[in-house]
Amino acid sequence: MSEETLQRENKLEGVGASRKRKEDARFIRGQGSYVDDIKLPGMLFGAIVRSPYAHARIKSIDKSKALKVPGVVAVLTADDLKPVNLHWMPTLGSDVQAVLADKKVWFQLQEVAFVLATDRYTAADGAEAVEVDYEELPAVVDPRKALAADAPVIREDIADKDNVGHGPRTHPNHIFTWEAGDKAGTDAVFASAAVTVREEILNPRVHPCPLETCGCVASFDKVRGQLTVYMTSQAPHLVRTVVAMLSGIPESKIRIVGGDIGGGFGNKVPVYPGYVAAIVASIVTGVPVKWIESRIDNISTTGFARDYHGIGELAADSNGRIKALRFSALADHGAFNAHVSATKLPAGLFSICTGSYDIPKAYCRVDAVYTNKAPGGVAYRCSLRVTEAVYLIERMIDVLAQKVGVDKAEIRRRNFVKPEQFPYTTALGWTLDSGNYHVALDKVLKAVDYDGLRAEQAAKRASGQLMGIGISTFTEIVGAGPTKVCDILGIGLFDSCDIRVNPTGSAIARLGTMSQGQGHATTYAQIIATELGLPSEEIQIEEGDTDKAPYGAGTWGSRSTPVGGAAAARAARKIKDKAKKIAAHLLEVGERDLEWDVDRFRVKGNPAAAKTMKEIAMAAHTSNLPDGMEKGLDATEYYDPPNMTFPFGAYVCVVDIDKYTGETKVRRFYALDDCGTRINPMIIEGQIHGGLTEAFAVAMGQAVPFDDNGNHLGNSLMDYFLPTSVETPKWETDFTVTPSPHHPIGAKGVAESPHVGGIPCFTNAVVDAFAHLGVTHMDMPHTSFRVWQHCKSLGVNKR
Amino acid sequence: MIPRPFEYHAPQTLPDALGLLRQFGDEAKLLAGGHSLLPMMKLRFAQPGHLIDLGGIAELKGIRQDGNSLLIGAMTTENEIIWSQLLQTKCPLLVEGARQISDPQVRYKGTIGGDIAHGDPGNDHPALMLALAASFALRGAGGERVVPADGFFIGTYETAMKPDEIMTQVRIPVPAQGAGYCYAKLKRKTGDFAAAAAAVVLHLKGGRVQEVRIALTNVGPTPLRATEAEALLRGNRPDDAIILQAARLAMSVCAPSADQRGDAEYKTAMAGEMTIRALTTARQRAA
């Protein structure tokens with residue numbers, strides 16, 4: 001490439017450029033616009049009265065004192081929502097959920113009443129004045145006790161239903177049993193295997209805890225019959241459809257507006273009772289109504305994650321070559337099945353649990369149960385149930401390595417899917433698009449001097465010190481997804497992009513996804529810049545306003561680049577195709593005589609004869625077009641991906657444990673990620689830093705604990721672990737590039753990989769520190785307290 | 001997370017503040033840095049009708065030396081303590097302790113007087129005050145009295161302060177030249193209270209312990225002096241074996257309650273571990 005060509009290409013700041021984030025100029029100046037910044041004339045505030053009990057009957061609700069508080073306008077209860085049939089709502093898990101508690105409460109801090117007042121202070125005073133008389137009932141907190149014969153029935157409203165959308169139920173507290181793979185074939189391999197290992201492995205209940213809590217401003221215009229909802233949603237279009245289904249308002253008269261969002265991580269996918277209550281309140285009063293969650297409400301009631309009680313089993317030969325996998329999980333879904341999942345995949349993508357390994361036989365099963373805890377299991381910085389699955393396989397391969405006495409890196413090499421096997425279809429039915437696992441692992445081991453670390457560890461062990469080396473070689477599954485496999489409420493999980501090129505060659509692109517910090521305004525513009533040869537600086541990106549953007553399923557499950565980014569590339573290609581026809585017309589040659597050159601079409605063999613995209617954009621708005629061609633340079637693409645994408649990585653974590661306090665210090669964390677084509681390396685690095693930090697949080701401290709009565713024990717940031725820069729380890733990042741064969745530009749998702757792959761890496765490091773003492777597993781979170789208890793039970797920290 | 005309605009008062013002089021306190025009695029709470037009181041009000045655990053902000057009273061601020069005493073205004077912030085050249089030189093234990101309080105933002109607002117007067121055993125200054133043999137100047141309707149830290153802390157959120165009194169000053173005898181010191185604190189994360197912490201001041205003479213004070217944070221309803229441990233050490237060479245014995249004696253006075261930081265057994269063990277570490281560091285630092 002000539003110097004001149006290179007200069008033109010660099011000017012575009014397209015794919016591969018570490019372009020600075022376009023969003024940050026407003027964020028660092030405090031000029032972002034979040035939902036709580038929305039102030040509309042006459043706006044009322046809603047405050048929620050919440051249950052102090054995890055399970056109780058509501059004997060009565062007395063609003064009279066609350067209604068006497070000056071400024072309180074109304075108090076809504078389930079009885080008030082009943083006439084409009086909005087006291088219950090459908091969930092994303094084919095169940096129903098009480099919007100406001102209907103005769104019973106099913107979890108602590110459940111929504112019981114919605115107090116409307118002229119300001120948020122008065123609303124809080126009004127909420128305190130609502131008197132609710134409860135009759136407490138025994139609570140089911142431990143999912144392992146939910147299916148006992150004498151367990152209290154949690155959902156009396158559906159006790160007589162033998163099915164809640166996902167097959168037969170075996171107990172009033174049972175939701176579904178889902179399975180995949182060849183059970184008989186797997187059992188047979190296990191029966192005759194040289195080596196088998198089994199471990200009980202918990203992914204505890206955690207919460208994504210975005211910096212901005214959930215909230216909305218609902219504004220119903222009675223005259224026009226139009227509802228506008230400003231809200232913190234990762235999926236505004238799906239929300240619009242749900243609101244239309246719930247309210248009976250035509251979808252064309254509903255507008256969902258997502259402004260800036262202060263982090264989502266899955267917490268902002270579902271529709272919550274607070275949104276519905278605010279919408280109803282606005283419809284009833286005819287004025288805008290704002291509802292904003294407190295931190296405690298956020299951690300306690302909206303969008304938890306995990307709570308998967310797993311059992312992992314592997315069968316192998318004596319060399320550690322895996323012959324079969326059998327994984328199961330008991331899933332605690334809380335009081336309503338509001339788990340975010342595709343309709344046909346009630347346990348999400350759990351069947352990715354064969355990981356990066358060539359495993360001939362596999363079977364997995366998930367049993368979901370109700371408990372007296374908050375509903376709404378979301379995918380916390382991962383695709384649906386993928387962290388749970390990857391955690392199991394990445395833990396179990398370590399357990400197997402210890403059993404057969406093979407090094408933890410070597411056992412991975414022996415079992416990896418080989419490069420020549422791609423596309424590789426797993427025993428559980430997923431077709432991994434591309435991968436190069438051996439190269440990635442070897443690069444990381446060399447970078448950290450793995451042999452040196454093992455030698456150091458041996459010396460430390462001899463002197464009684466605890467040092468652990470964790471490895472994780474994960475494969476993620478992201479980019480939901482092929483509509484034949486994935487839908488939500490019947491709507492396929494395609495995504496969309498609409499591009500309009502202006503006469504002067506700048507462009508605006510609108511997409512069905514929704515950035516919550518991912519940097520879409522920066523990276524989508526880079527994809528389009530490279531495709532169209534227009535500078536990314538002049539390409540505006542808009543998302544989140546359903547009146548403007550084309551329909552899409554939103555941003556979650558690392559689907560924006562795999563699906564939205566693909567739609568952007570393909571919409572741009574439609575424009576480029578038209579542009580080529582215009583160029584041929586202008587240059588008076590045939591299309592076949594043209595070739596693309598960074599930002600222009602030129603005549604083959606005569607590079608001076610060329611038309612830049614900017615020139616073509618202007619021409620597209622003149623009369624000088626080929627006969628019969630429409631004016632303008634626009635295109636829309638609705639992209640239905642043929643497959644998921646399968647990013648992967650190899651991580652190494654080194655920890656030193658203070659056996660006297662239980663403190664675990666992460667000395668080193670080296671993360672190699674392969675997300676295919678890299679659109680913006682700087683943003684990728686930022687995503688990996690963020691994902692690793694959230695992985696560190698989950699592995700080392702996060703949990704939503706309860707007592708036996710279902711009372712929250714740690715639901716503020718005093719207890720819930722949100723690491724600061726002081727606690728966060730230093731991250732070293734690296735990469736390989738193995739493009740996705742089916743994605744238009746070869747890209748895969750990346751933001752979730754470090755979370756999914758990072759969590760088992762931390763646990764593997766902590767367990768490895770104790771491996772020489774016969775320890776095969778320790779459950780998260782690895783707090784100092786728990787690690788100290790472990791040291792004590794092993795008798796290694798006597799003074 | 002929204003408090004009950006309350007009246008806010010911002011007196012500019014101590015007599016005005018005392019007048020307001022007398023006027024509103026039980027209805028009033030004094031506002032210092034607010035980092036304990038305001039969260040309690042937002043959770044509606046505390047519901048004062050009147051908040052008397054001491055932030056505007058100049059005489060409650062400042063750090064100076066008067067003879068053999070360090071005088072610290074009760075409304076002096078943690079960061080002002082950390083930045084004080086005088087304290088860095090004369091009382092490095094207080095600086096080391098203040099640096100471990102909560103997080104940088106809180107240290108801009110939180111005050112030494114508020115930290116002490118709140119009576120929360122999780123706060124760090126109470127144990128530091130016990131270790132430093134500090135005393136507190138309290139001003140009430142009947143004038144000023146000076147109360148030693150020993151005996152000041154009666155129970156959780158309960159101190160020897162009377163409802164009509166305002167803490168005006170913290171008085172610390174300047175530690176002897178060459179005294180060893182250490183505040184060893186174990187916490188889960190930045191911003192957290194201690195799972196357990198130990199404050200130590202250690203004077204050595206001829207390699208033997210001439211005087212030692214050990215105080216513990218967050219392992220009982222009040223900060224705790226480990227007096228038996230101190231007695232064991234006095235007159236002896238502070239070798240590892242006796243430090244271990246002292247730590248065991250310190251553990252014997254602990255009565256922590258379980259929470260998400262750990263159970264009573266863990267917190268007690270950590271009080272011992274922090275005592276070992278604080279004594280060991282103090283021994284290194286002692287001249």
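## Chain A at a glance

Of the 799 residues of chain A, 57% are buried, meaning that 20 or more other C-beta atoms, placed from the backbone, lie within 10 Å of a residue's own. This is a predicted model, in which local features need pLDDT of at least 70 and side-chain atom pairs count only at pLDDT 80 or more, while totals for chains, interfaces and linings use all residues. Residues are numbered from 1 along each chain as its sequence is written, with chains lettered from A and ligands numbered from 1 in the order in which they are written.

Chain A has 19 helices and 32 strands; these are DSSP runs numbered from the N terminus, with at least four residues (H or I) for a helix and at least two (E) for a strand. Its radius of gyration is 28 Å, which agrees with the value near 28 Å for a compact globule of 799 residues (taken over C-alpha atoms; the globule rule is 2.2 Å times the number of residues to the power 0.38). Along the principal axes, the C-alpha atoms of chain A fill a box of roughly 85 × 75 × 50 Å.

Helix α15 of chain A runs over residues 560-587 and reaches 38 Å from first C-alpha to last, close to the expected 40 Å (1.5 Å times one less than its number of residues).

A568(A) is among the residues with the most contacts inside the largest nonpolar core, which has 340 residues. Such a core is a set of buried Ala, Val, Leu, Ile, Met, Phe, Trp, Tyr and Cys residues joined through C-beta atoms within 7 Å. Leaving out residues up to four places away in sequence, A568(A) touches C497(A), A509(A), L511(A), Y524(A), I527(A) and I528(A); a contact is a pair of C-beta atoms, placed from the backbone, within 7 Å.

## Chain B and one of its helices

Chain B comes to 11 helices and 14 strands. Its radius of gyration is 19 Å, close to the 19 Å of the globule rule for 287 residues, so chain B is as compact as a globular protein of that length.

In α5 of chain B (residues 92-99), L93(B), L94(B), G97(B) and A98(B) are buried. Down the axis of α5(B), these buried residues fall within an arc of 130°, so they line one face. They pack against elements of chain B including α8 (125-131) and β12 (196-205).

## Where the chains meet

The contact takes 21 residues from chain A and 13 residues from chain B. On the side of chain A, α5 (120-129) and α19 (784-794) are the elements that give two or more residues.

Terms used: Buried ≥ 20, exposed ≤ 12 C-beta atoms within 10 Å, placed from the backbone. Contact = placed C-beta atoms within 7 Å. Arc of directions from axis to C-beta.
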